[in-house]
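Have a look at the picture first, then read on.

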Amino acid sequence: MKFGIANYKEVKTLYIHLLELMKAEKVTFAQMGELLECRYQTVSDIVNGVTKKGFYFDDACKIHKVFFPKYDMEYLFKRQ
């Protein structure tokens, strides 16, 4: 077991569209963590599927409004 994950290859990105748009728009996990008042690692874990709970609705709305207002929210937060 490495870094608390049984098999790292099994971890898949939960929000693939969000991650792609973060790269395109140059939005970081640190910026999102600051907005949500949590650690950047918490945001990273949610986006990358380490934490299966996903984003709370209010947090998703904040992310959408602040960083990605020109994108469809349903597309942005569609789970893979």
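## What "buried" means here

A residue counts as buried when its relative accessible area is under 20%. Keep that cut-off in mind, and remember that you're looking at a predicted model.

## The chain as a whole

Let's start with the overall layout. The chain has 5 helices and 0 strands, and reading along the sequence gives the pattern α-α-α-α-α.

Of the 80 residues in the chain, 36% are buried. The chain exposes about 5,700 Å², with carbon and sulfur atoms supplying 54% of that area. Now take the contacts between residues at least 6 apart in sequence: 62% of them join residues at least 24 apart.

## Helix 2 and its buried face

Which residues of helix 2 are buried? They are Phe-29, Met-32, Gly-33 and Leu-36. If you look down the axis of helix 2, these buried residues fall within an arc of 100 degrees, so they line one face of the helix.

And what covers them? The cover over the buried residues of helix 2 includes helix 1, helix 3 and helix 4.

## How helix 2 meets helix 3

Two packed helices are described by the angle between their axes and the distance between the axes. For helix 2 and helix 3, the angle is about 110 degrees and the axes are 7 Å apart. Angles of 65 to 115 degrees count as roughly perpendicular, and helix 2 and helix 3 are therefore roughly perpendicular to each other.

On the helix 2 side, the contact is made by Phe-29, Ala-30, Met-32, Gly-33 and Leu-36. Helix 3 brings Tyr-40, Val-43, Ser-44 and Val-47.

## The nonpolar core

The largest nonpolar core holds 20 residues, and those touching the most other members are Leu-18, Met-32, Phe-55, Ile-63 and Phe-68. The largest share, 4 residues, comes from helix 1.

Let's zoom in on one member, Ile-63. Leaving out residues up to four places away in sequence, Ile-63 touches Leu-18, Met-32, Leu-35, Leu-36, Phe-55, Phe-68 and Phe-77. Met-32 and Leu-36 in that list are also among the buried residues of helix 2.

Notes
Residues numbered from 1 in each chain as written. Predicted model: local features only at pLDDT ≥ 70, side-chain atom pairs only at ≥ 80, totals over all residues. Heavy atoms only, no water. Core = buried A, V, L, I, M, F, W, Y, C linked by side-chain atoms within 4.5 Å. Buried < 20%, exposed > 50% of the residue type's maximum accessible area, 1.4 Å probe, protein only. Helix = DSSP H or I, 4+ residues; strand = E, 2+ residues; numbered from the N terminus. Contact = heavy atoms within 4.5 Å. Areas by Shrake-Rupley, 256 points an atom, 1.4 Å probe, with all protein chains shown as cover. Arc of directions from axis to C-beta. Axes fitted to C-alpha atoms, helices over the stretch in contact; angles between N-to-C directions. Parallel < 35°, antiparallel > 145°, perpendicular 65-115°, else oblique.
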